[in-house]
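Biologist: Could you walk me through this one? I'd like to start with the strands and then move on to the side chains.

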Amino acid sequence: IRQILKLQDNVIKVLVETKYRAKTVEISGDDEFLHATIKPYPTRKVRAQNFEKVEAFVRAIKDSFDKFLSVSPKISKEVISTVFLIDDGNELAEYIASNIIFKVEDKYSVLQESSIEKRLSFILDYLNSEYKIQKIENEIKQKVQIDIDKNQKEYYLRQQMKTISEELDDSENLQKESEEYRERTLALHLPKDKEEKLLKEINRL
């Protein structure tokens, strides 16, 4: 047992490292624990005439993985470097299944397969499919973000126009009041010095 994680809803995730690949013959047990009878179930060795095919799969997988990284940057640097360092086809298939494939049923599709060529074929199809899906998902997110930015910009401009309009209304009202004060002052026929003083104060408005 390498790691035990307690998750929500009383779910416990256990990471184990196996000694060899095995197949379940029988499962028994009670409420406390399960007991399994197993037998060794190694992967089939690659035939000599298929060595080049496996090598081609490994190269194609690394190329597809590189493309996948361009749309899915969340994978750790350690995982990325390990993928590019592995040259053994079977080891590469199991490492990607364990560290990159997310759905349990997809992991199982790789691990239950005894043929290394079929394992690598599944991994290659998976990476190509995930690349396309992730690319479309990113395009959708980008479009949504553009729409959000556009709406925010339009809202900001509307608020600016509203503020400017209110300021213009205030300015027009103030100018109108100043004109009324000026007319009233002139209508009073005050002494020139007092009249000029009042008009000066009105102009300050």
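**Strands, surface and rings**

Modeller: Gladly, with the caveat that this is a predicted model.

Biologist: Is I12 buried or exposed?

Modeller: I12 has a relative accessible area of 53%, and it is therefore exposed, because the cut-off for that class is over 50%.

Biologist: And which residues form a nonpolar patch with it on the surface?

Modeller: The patch is formed by I1, I4, I12, V14 and V16, which together have about 520 Å² of accessible area.

Biologist: Switching to strands 3 and 4, in which sense do they pair?

Modeller: Strand 3 (residues 22-29) and strand 4 (residues 34-40) pair in the antiparallel sense, over 7 bridges. A hairpin of 4 residues joins strand 3 to strand 4, and S28 stands opposite H35, the latter being in strand 4.

Biologist: How many aromatic pairs does a search of the whole structure find?

Modeller: The search finds 1 aromatic pair. Its rings belong to F65 and F84, with centres 5.6 Å apart and planes at 55 degrees, so the pair is tilted. The pair links distant parts of the chain, as F65 is in helix 1 (residues 51-71) and F84 is in helix 2 (residues 77-85), 19 residues apart.

Biologist: What about the accessibility of F65 and F84?

Modeller: F65 counts as buried, at 0% relative accessibility, whereas F84, at 34%, counts as partly exposed.

Note on methods:
Residues are numbered from 1 along each chain as its sequence is written. This is a predicted model: local features need pLDDT of at least 70, side-chain atom pairs count only at pLDDT 80 or more; totals for chains, interfaces and linings use all residues. Side-chain values use heavy atoms; hydrogens and water are left out. Two strands pair if DSSP finds at least two bridges between them. Helices (H or I, at least four residues) and strands (E, at least two) are DSSP runs, numbered from the N terminus. Patches are made of residues with over 30% relative accessible area and no salt bridge: like charges are joined within 9 Å, nonpolar side chains (Val, Leu, Ile, Met, Phe, Trp, Tyr) within 5 Å. Accessible areas come from the Shrake-Rupley method with a 1.4 Å probe; for residues, only the protein chains shown count as cover. A salt bridge is a side-chain nitrogen of Lys or Arg within 4 Å of a carboxyl oxygen of Asp or Glu. Buried means under 20% relative accessible area, exposed over 50%, partly exposed in between (1.4 Å probe, protein chains only). Rings of Phe, Tyr and Trp (its six-membered ring) pair if their centres lie within 6.5 Å; planes under 30 degrees apart count as stacked, over 60 as edge-to-face and the rest as tilted.
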